[in-house]
Amino acid sequence: MVVDELSDETVDRLFHALADTTRRDILRRCVRGELSVSRLAEAYPMSFAAVQKHVAVLERAGLVIKQRSGREQLVCTDAEAVGRARQALDELESAWRGRVDRMARLLAEDPGTEETEENDATEGSER
């Protein structure tokens, strides 16, 4: 399977959207089913306009899809977008694991590291 790399701009929008507690909660609520913006607004101690702004951030990040149904705007989670967020995290994890593995190999190959550890152990037993 070939995985497309996400652009820095896409990853920035994803993480910005997920950085806020209210937006993460909106996302969780919408995973359970499609909700209107007005219904979402009832769940938070903020104005309707503030909830609309949170939904707009999620929409720009591609995490939710907003559809008009009559007078209501319905919000649902985009499962593919959640997968893109997971992909971004997997890419970061892979990069960091690679770095840690390289550091571990370098430390294992460094003869000075073993000598220092042996000296520390000997000095500790002489005290």
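User: Why is Arg-28 called partly exposed?

Analyst: In this predicted model, Arg-28 has a relative accessible area of 45%, and because the partly exposed class lies between under 20% for buried and over 50% for exposed, Arg-28 is partly exposed. Arg-29, with a relative accessible area of 28%, is likewise partly exposed.

User: What makes the pairing of Arg-28 and Asp-25 a salt bridge?

Analyst: The rule asks for a side-chain nitrogen of Lys or Arg within 4 Å of a carboxyl oxygen of Asp or Glu, and the N to O distance between the side chains of Arg-28 and Asp-25 is 3.9 Å, so the pair meets the definition. Both residues lie in helix H2 (residues 21-32), 3 residues apart, about one turn of the helix. Arg-29 also forms a salt bridge with Asp-25, with the closest N and O atoms 2.7 Å apart, and these two residues are 4 residues apart in helix H2.

User: How do you know that Arg-97 is exposed while Glu-93 is partly exposed?

Analyst: Exposed means over 50% relative accessible area, and Arg-97 is at 52%, whereas Glu-93 is at 35% and therefore falls in the partly exposed class. Arg-97 and Glu-93 both lie in helix H5, 4 residues apart, and form a salt bridge whose closest N and O atoms are 2.9 Å apart.

User: Why does Asp-78 count as buried?

Analyst: Its relative accessibility is 18%, and because buried means under 20%, Asp-78 counts as buried. Asp-78 is found in the loop between strand S3 (72-77) and H5, where its side chain reaches the backbone nitrogen of Glu-80 at 3.1 Å.

User: What makes Val-51 buried?

Analyst: Val-51, in helix H4 (residues 48-60), has a relative accessibility of 0% and so counts as buried, the limit being under 20%. Leaving aside neighbours within four places in sequence, Val-51 is in contact with residues including Ile-26, Val-37 and Leu-40.

User: Why is H1 called roughly perpendicular to H5?

Analyst: Helix H1 (residues 8-18) and helix H5 (residues 79-109) pack at an angle of about 105°, with their axes 10 Å apart. Because angles of 65 to 115 degrees count as roughly perpendicular, H1 is roughly perpendicular to H5. The contact is made by residues including Val-11 and Leu-14 of H1 and Arg-84 and Leu-92 of H5, and the residues of this contact divide into 9 nonpolar, no polar and 1 charged.

Note on methods: Residues are numbered from 1 along each chain as its sequence is written. This is a predicted model: local features need pLDDT of at least 70, side-chain atom pairs count only at pLDDT 80 or more; totals for chains, interfaces and linings use all residues. Side-chain values use heavy atoms; hydrogens and water are left out. Axes are lines fitted to C-alpha atoms, for helices over the stretch in contact, and angles run from 0 to 180 degrees between N-to-C directions. Angles under 35 degrees count as roughly parallel, over 145 as roughly antiparallel, 65 to 115 as roughly perpendicular and the rest as oblique. Contact means heavy atoms within 4.5 Å. Ala, Val, Leu, Ile, Met, Phe, Trp, Tyr, Cys and Pro count as nonpolar, Asp, Glu, Lys and Arg as charged, and the others, Gly among them, as polar. Buried means under 20% relative accessible area, exposed over 50%, partly exposed in between (1.4 Å probe, protein chains only). A polar contact is a pair of N or O atoms within 3.5 Å; within protein, one must be able to donate a hydrogen and the other to accept it, and residues adjacent in sequence count only if both atoms are side-chain atoms.
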